[in-house]
Amino acid sequence: RARNNDVHEQSFKVDKETKIQIYAIGEMSNSDKEFADYGYIINAVSGETVWQMTYRNTEHAGGADKNRMFDDIVALPAGTYTVFYMTDDSHAYRNWNSSAPFDPESYGLAIYPVGKTTPAGFKLVNEQELYQGTSVLAKITRVGDSERRRAKFKLSKKAVINVYAIGEGTDGEMYDYAYIVNLDT
């Protein structure tokens, strides 16, 4: 039941290769085959996309031509993953701007076990658990409009670190950005 301007995120861990069924309904532009409402799964450690809704792996979901559906089984190797589903500002659950899909109550994304029981070793993971035992020093995500947020970390010696940041800028000026300040100087 994803609504307009939604962003949903859930991390999970599988201890061994696991098959899951993904059922996702979204909206695709008919002109450029780009999704406006869609889901995808990333490897939470590497950031690599391991599954996503595409024109080729979806089919018509009933109603308007732009309604697309994925309903299939996907195998994931042992690891930690994050599943995302996001919508734009129109044509979503309870606010359709053209004909709704045949299963409007399921608009969004759901993951089901293959078979009758949840696979052994499948566990939902919260954000704190997600980075335990990894080399992530600090993380600031899901920053909204007009927010200013901080995260502190300490290094005991000089080190080379990898900074991964996404922001907004135009014409050489940044509006949404990150920076690091040394608090010891």
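A contact is here a pair of residues with heavy atoms within 4.5 Å. In this predicted model, among contacts between residues at least 6 apart in sequence, 71% join residues at least 24 apart.

**Overall architecture**

The protein holds one helix and eleven strands. Read along the sequence, the order of these elements is β-β-β-β-β-β-β-β-β-α-β-β, with α1 at residues 127–130 and β10 at 168–170. Along its principal axes, the C-alpha trace spans about 60 × 45 × 25 Å. Of the 185 residues, 29% are buried. The protein exposes about 12900 Å², and carbon and sulfur atoms supply 46% of that area.

**Charges and salt bridges**

The protein carries 21 positive and 26 negative charges, and the mean positions of the two sets are 9 Å apart. Three salt bridges are counted. The table lists them with the distance between nitrogen and oxygen.

| Acidic residue | Basic residue | N to O distance |
| E105 | R1 | 2.8 Å |
| E27 | K66 | 3.2 Å |
| E147 | R149 | 3.3 Å |

The side chains of E105 and R1 meet in a salt bridge. E105 lies in the loop between β7 (79–86) and β8 (108–113), whereas R1 belongs to the segment before β1 (7–14), so this pair ties together parts that are 104 residues apart in sequence. E105 has a relative accessibility of 41% and therefore counts as partly exposed. R1, at 58%, counts as exposed.

A salt bridge also joins E27 and K66. This pair links distant parts of the chain, with E27 in strand β2 (residues 18–28) and K66 in the loop between β5 (59–60) and β6 (67–76), 39 residues apart. The cut-off for a buried residue is a relative accessible area under 20%. E27 has a value of 7% and is therefore buried. K66 is likewise buried, with a relative accessible area of 15%.

In the salt bridge between R149 and E147, the side chains meet at 3.3 Å, N to O. R149 is partly exposed at 36% relative accessibility, and E147 is partly exposed at 38%.

T134 occupies the loop between α1 (127–130) and β10 (168–170). With a relative accessible area of 33%, T134 is partly exposed. T134 and V45 are separated by 89 residues in sequence, yet their C-alpha atoms are 8.1 Å apart in space.

Several features of the model connect parts of the chain that are apart in sequence. The E105 and R1 pair joins a loop to the segment before β1, 104 residues away in sequence. The E27 and K66 pair joins strand β2 to the loop between β5 and β6 across 39 residues. T134 and V45, 89 residues apart, have a C-alpha to C-alpha distance of 8.1 Å.

Methods:
Residues are numbered from 1 along each chain as its sequence is written. This is a predicted model: local features need pLDDT of at least 70, side-chain atom pairs count only at pLDDT 80 or more; totals for chains, interfaces and linings use all residues. Side-chain values use heavy atoms; hydrogens and water are left out. Helices (H or I, at least four residues) and strands (E, at least two) are DSSP runs, numbered from the N terminus. Buried means under 20% relative accessible area, exposed over 50%, partly exposed in between (1.4 Å probe, protein chains only). Accessible areas come from the Shrake-Rupley method with a 1.4 Å probe; for residues, only the protein chains shown count as cover. Lys and Arg count as positive and Asp and Glu as negative; His and the chain ends are not counted. The place of a charge is taken as NZ of Lys, CZ of Arg, CG of Asp or CD of Glu. A salt bridge is a side-chain nitrogen of Lys or Arg within 4 Å of a carboxyl oxygen of Asp or Glu.
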